[in-house]
Amino acid sequence: MRKVLSAACLGAMATFAAGVASANDELIKMSQNPKDWVQPAGDYANTRYSKLNQINAANVGKLQVAWTFSTGVLRGHEGGPLIIGNMMYVHTPFPNKVYALDLSQDNKIVWKYEPKQDPNVIPVMCCDTVNRGVAYGDGKIFLHQADTTLVALDAKTGQVAWSVKNGDPGKGATGTSSPLVVKDKVLIGISGGEFGVQCHVTAYDLKTGKQAWRAFSEGPDDQIMVDPVNTTELGKPVGKDSSIKTWQGDQWKIGGGCTWGWLSYDPSLNLVYYGSGNPSTWNPKQRPGDNKWSMTVFARNPDTGMAKWVYQMTPHDEWDYDGVNEMILSDQNVNGQDRKLLTHFDRNGLAYTMDRATGELLVAEKYDPKVNWTSGVDMNKSSPTYGRPKVLDQFSTEKGGEDKNTKGICPAALGTKDQQPAAYSPDTQLFYVPTNHVCMDYEPFKVSYTAGQPYVGATLSMYPPQGESHMGNFIAWDNKTGKIVWSLPEQFSVWSGALATAGGVVFYGTLEGYLKAVDAKTGKELYKFKTPSGIIGNVTTYENGGRQYIAVLSGVGGWAGIGLAAGLTDPTAGLGAVGGYAALSNYTALGGNLTVFALPQ
Amino acid sequence: MRKIWLIAATLVLVAPGSVAHAADDPTPVKSEDGKYLDKEGNPTFKVAPDGTVDWYTYSGYRRYHSECHVCHGPDGMGSTYAPALQDSLKTMSYADFMSVVASGRKNVNTAQESVMPAFGDNPNVACYMDDLYIYLRARAYNAVGRVRPAKREDKPEAYTEAEKSCMGAK
């Protein structure tokens, strides 16, 4: 701990010595050029929106495949490529290759990076060997490898500028998420919630890779970088020892709260936003207390790491509803007032609209009507349980206790939405959200902790909601009213990141492998094409040589590839129903391809 | 925990690469404290005509869906990257099963990167190897379906004792 602290101090001194770099000014400028796609989510606000409109609702039906690229890797391909000028950067799951393609030279491979990693990291990754993509800043491409190595590659040559180890895979820490470049730092989270890792977000110096600060999700105040007085939750100071007093003994040391989702940034408020994951273990009986700050939205100052505000969505998790999903930042008018909003679609099935400057909770509503574990969030500001979800006893695995199978909980552990990022269009002021429509039985039981070994402690089985056979929906959501505007049923969970465009078209992929284009206003399907494998990647757009392109990675896998590959069963329907639900393996097989679409010339 | 690991290690030495018998017969011929054994003396499942399963099959179902299904898929059906154990157990011997679970296995080449970790030191797995084997053997013979067994025999007293000492006092 002390070592961490002194490293943080040194980092702060280095910042002053070097003066404030302007990587984010460069990135903001670049992300305003709609021809490029310079950040994993398109911009700092995580909107996944593009101003390009050559492809529009009237002509998208004529879309054709322009070119394809095989990554040479199988298994789950999450994330998507970056496009900067004539260069495209494509990443892969383990072994985490990166290809730099020159779009002006028939997509020739300019350089390729392939790290040597110990394959023993593969089984430590909870849900396939996914990676959610690279980030750009200061002429470098940043990659968080499976073995937690954060590496900076020269964007022109692929040469390693620096690399640093962000965690210990021997203890179950792995790298799957995408970094975020802010000012003179690159920020990165870490995975390992199923291995009892004490997770954190860490900032490294952009030029040298030297650690600037590290903020854990749980632990003493100095480790979690929370100020008892100045850090607030729902407007009130969090107080001293806000985290450790919500854990029994030293359990916070193996407490999870992992940070494998997406980071966003508001330059005007100078705050970064992200969520923390499930507390370890999945057996709630074994870890009494609220388990702060797992399942929490964090707003932190990227220069110092200090938290400005926090909000715990699911205190004392009983269902594995990680809070890591992306925070989407939008400026909208609410009741005649201009508000700086943060919208977040949580695994727990609730969509939150908050004031991102203050952390005030404005809306918390279910974005799948089947969500049943809670009757809703207490919105009464004078109530002692203000901001807490009311848990129904029938679906409480804590109430049920160890060795008791609690049935019919919606959503399932994979959440109403997982990491697959939603998109926001300022044109329609709607959010386009890929969702899961799956319920579960959940039986917690006692487990013992061994470093580097799974620390799960629950048995679960998943199935579609009773009486239904589709396992996903693609929805349009109004964050001001907390209501679904339209909803498209999908046979399987929608595990692909959405893209909204000024052409009035929204794109997403499906687990069978379809790239789909729908009307942003009505949801009407305008185009679909079946790519070589199931899509869990995020749709991207860019312009090159005067043409607008749509790009997406195919390569079925991830958590979706585990549960759905064999098809789900309905345990309530008895043996007769086995095979009644479709098996994904009947529709698609492993792959690793980038498919790029354009209108015919 | 340590005891179990040693047993597994011994099996590796005694029966390296042993092949399952083509004429494998899972019929239980005797029972020791609620654990059923086939005529070779290997652990096996017992499913009564009314669907009641032995304790080990039920316990194996639970442990499988905690520790194994995150790679091998629900009900031993496999995932996009890990083999379906309901098929593997059709040809894999008890000794091989114990050895792979305890020591792990690697198959890394240009076409695939399959790595099974060693669970010999993980009491959540090591203390329940027979449970897992018996459940998956029942799946391989289609003696239990893809759902949670509805009815089961009681937890044997000797089992409770053994579980306690294996898992430690935690």
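Mentor: Quick ground rule: helices are DSSP runs of H or I with at least four residues, strands are E runs of at least two, and both get numbered from the N terminus. This is a predicted model, where local features need pLDDT of at least 70, side-chain atom pairs count only at pLDDT 80 or more, and totals for chains, interfaces and linings use all residues. Residues are numbered from 1 along each chain as its sequence is written, while chains are lettered from A and ligands numbered from 1 in the order in which they are written.

Trainee: Fine. What pattern does chain B follow along the sequence?

Mentor: Chain B reads α-β-β-β-α-α-α-β-β-α-α-α, with seven helices and five strands.

Trainee: How do you know that β2(B) and β3(B) pair?

Mentor: Two strands pair if DSSP finds at least two bridges between them. Strand β2 (residues 35–37) of chain B has two bridges to β3(B), running antiparallel, so the pair qualifies. In β3(B), Pro43(B) is the bridge partner of Leu37(B).

Trainee: Which order do the strands take in that open sheet?

Mentor: The order is β1-β2-β3 in chain B, with antiparallel pairing.

Trainee: Why do β1 and β3 of chain B stand at the edges?

Mentor: β1 (30–32) and β3 (43–44) of chain B each have a single partner strand, so one side of each has no neighbour in the sheet.

Trainee: What makes α6(B) "mostly covered"?

Mentor: A residue is buried with 20 or more other C-beta atoms within 10 Å of its own, exposed with 12 or fewer, and partly exposed in between, the C-beta atoms being placed from the backbone. In α6(B), 12 of its 12 residues are buried, including Asp130(B), Asp131(B), Arg137(B) and Arg139(B). For chain B, buried residues make up 48% of the 170 residues.

Trainee: What span does helix α6 of chain B reach, against what is expected?

Mentor: Expected span is 1.5 Å times one less than the number of residues. Helix α6 (residues 129–140) of chain B has 12 residues and reaches 16 Å from first C-alpha to last, close to the 16 Å expected. After α6(B) comes Asn142(B), with a positive phi near 55 degrees.

Trainee: How many residues does each chain give to the contact?

Mentor: Contact means C-beta atoms, placed from the backbone, within 7 Å. Chain A gives 36 residues and chain B 32. On the chain A side, the largest share, four residues, comes from β32(A).

Note on methods: Two residues are in contact if their C-beta atoms, placed from the backbone, lie within 7 Å.
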